[in-house]
Amino acid sequence: MTSVMWFRRDLRVSDNKALYHASKEDDLILLFQVNPAQFITGSPSHQAFFASVAHFQQELAKTARLQIMFGDPMECLQQLKEAVPTWDKVFFNRDETGYGASRDAAAQQFFDEQQIEVHAFHDSYLHSAEEVKKSPTEYYKIFTPYYKKWREEIKEMPLKVTLKPENIRKESIFPKYEEQFAELVRDVPSLDNGEQAANARLASFIKEDLADYNKARDFPELDKTSHLSRYLRTGEISIRTIWQMLQQTEATEGRATFEKELCWRDFYNMIYVSFPNQKNEPIQENYRYIEWENNRVFFKRWQEGQTGFPLVDAAMRQLKETGWMHNRLRMITASFLTKDLLIDWRFGEKYFQQMLIDYDPASNIGGWQWAASTGTDAVPYFRIFNPTTQSEKFDPTGKFIRTYVKELANIPDKFIHQPEKMSKTEQKEHGIIIGKDYPLPIVDHKERRKLAIARYEFSKEHYRGNI
């Protein structure tokens, strides 16, 4: 009889729960199924994910074969069953949210009909959504009590996986699909992919940046964040491996702060399970009546990093150039879009989905709803980031700004956060004309802050039936 290991966002051999169990089977097919319906064709997010899949395929090719299928998941499973009638077991790591959850539900029905034995596991988080709850029937809505209980829960240890090449199917079952996949990834750039790169990144972070992570993580010019998010997105490193490595280090404030960030990741996954429509609906119903302006010109200026607020512009250009953005800057740019420009947070969330090479639906949606004050345990609507004071605090010398906003490279530090305050003479002296070479601020923050608060308060009153 034949077993199938179905890879998704777990592109590794080490500490892969489903693969650990599947590797004990005598006749094993390693499968990755490509669904074009999920593509954001040509986007950095799309390119980054398939760069990881291609690298994983190449690494496995040294001892085994990753079978590729292309098309609708259920149609692919049906084709595989027809091609391999002896298929009677399937192993995979389960998705709890979004598209993955609905796909798994449909697949479960197919497996039941075909009498294929299912072995499904929770692998992507330290704790699944069902493991840390307020009660058996109630999810947490506030992070702090969730975190306290999360800390008490025992974390699983990594599993040692040993593949037996002699038990893995080597011949290509569907050559045409492998050709399609080869064409898909032909021009995908290499991004330092794979398990080895992920583990090297983890080791470097722990050695160089973990101890003072609590202090340094907010300053984009220092670049002291872990950069592990894109490897967690693809599963090129396991969350349990990261946790175990952390426990082997000295207990510092930096380590504790980073561990709390891992808890936020679990928390947002749990929130997505408890609010499955949160990608399209505000979690807090009283903010479903906000009168968004959705100015398309302003949205384009935000995307292009042409708002006239230097730190916002530097962050958006970093995203466009690298497919990644520093976490502090994600909060600042999201606040600016929703509160200063009064553009619906869903526009920003979808843009980040397209652009981020570390896009994780639960964390990205959760972060946007937090910034827009529409989510669970979100920033209060009246606490609005001032983009200028944030710039002065977290990029005091303007080093990060100058890295991405090249036209501001030569202006003095005292003007780097508000270049429009330079006199005409000073502008000429430093070789830049504000309003021509770099834009004037597209909005007045103080005025927009007042307007945003009024819009949120109106929405609350409308929800209560007072308007």
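The legends below describe close-up views of a predicted model.

**View 1. The largest pocket and its lining.** In this predicted model, the largest pocket holds about 1200 Å³ of space. Of the 43 residues that line this pocket, E261, W264, Y268, N327 and S363 are the closest to its centre. Two or more lining residues come from each of helix 9 (229–234), helix 11 (253–274), helix 14 (327–340) and helix 16 (361–371), and the largest share, eight residues, is supplied by helix 11. Sorted by class, the lining of the largest pocket consists of 21 nonpolar, ten polar and twelve charged residues.

**View 2. The second largest pocket and its lining.** The second largest pocket contains about 890 Å³ of space, and its lining is made up of 32 residues, with Q38, Y99, R233, Y359 and P361 lying nearest its centre. At least two residues of this lining are supplied by each of strand 1 (2–7), strand 2 (28–34), helix 2 (44–60), helix 4 (98–113) and helix 16. When the lining residues of the second largest pocket are divided by class, 15 are nonpolar, ten are polar and seven are charged.

**View 3. The aromatic pair of W87 and F110.** A search of the whole structure finds 41 aromatic pairs, and in the pair shown here the ring centres of W87 and F110 lie 6.5 Å apart, while their planes meet at 40 degrees, so the pair is tilted. Because W87 belongs to strand 4 (residues 87–93) and F110 to helix 4, the pair ties together parts that are 23 residues apart in sequence. W87 is buried, with a relative accessible area of 1%, and F110, at 7% relative accessibility, also counts as buried.

**View 4. An aromatic cluster.** One aromatic cluster is formed by the side chains of Y140, F143, Y146, Y147, W150, W243, W264, F267 and Y268.

**View 5. Charged side chains over aromatic rings.** In one part of this view, the charged end of R103 sits over the ring of W6, at 5.6 Å from the centre of that ring. In the other part, the ring of Y139 has the charged end of K133 sitting over it, at 4.5 Å from the ring centre.

Definitions and conventions: Residues are numbered from 1 along each chain as its sequence is written. This is a predicted model: local features need pLDDT of at least 70, side-chain atom pairs count only at pLDDT 80 or more; totals for chains, interfaces and linings use all residues. Side-chain values use heavy atoms; hydrogens and water are left out. On a 1 Å grid over the protein atoms alone, a cavity is a set of points where a 1.4 Å probe fits but cannot get out, and a pocket is an open set with protein on both sides within 12 Å along at least five of seven lines; lining residues have an atom within 4 Å of a point. Grid points are joined across faces, edges and corners, and a volume is the space filled by probe spheres set on the points. Helices (H or I, at least four residues) and strands (E, at least two) are DSSP runs, numbered from the N terminus. Ala, Val, Leu, Ile, Met, Phe, Trp, Tyr, Cys and Pro count as nonpolar, Asp, Glu, Lys and Arg as charged, and the others, Gly among them, as polar. Rings of Phe, Tyr and Trp (its six-membered ring) pair if their centres lie within 6.5 Å; planes under 30 degrees apart count as stacked, over 60 as edge-to-face and the rest as tilted. Buried means under 20% relative accessible area, exposed over 50%, partly exposed in between (1.4 Å probe, protein chains only). A charge sits over a ring if NZ of Lys or CZ of Arg is within 6 Å of the ring centre and within 35 degrees of the ring normal.
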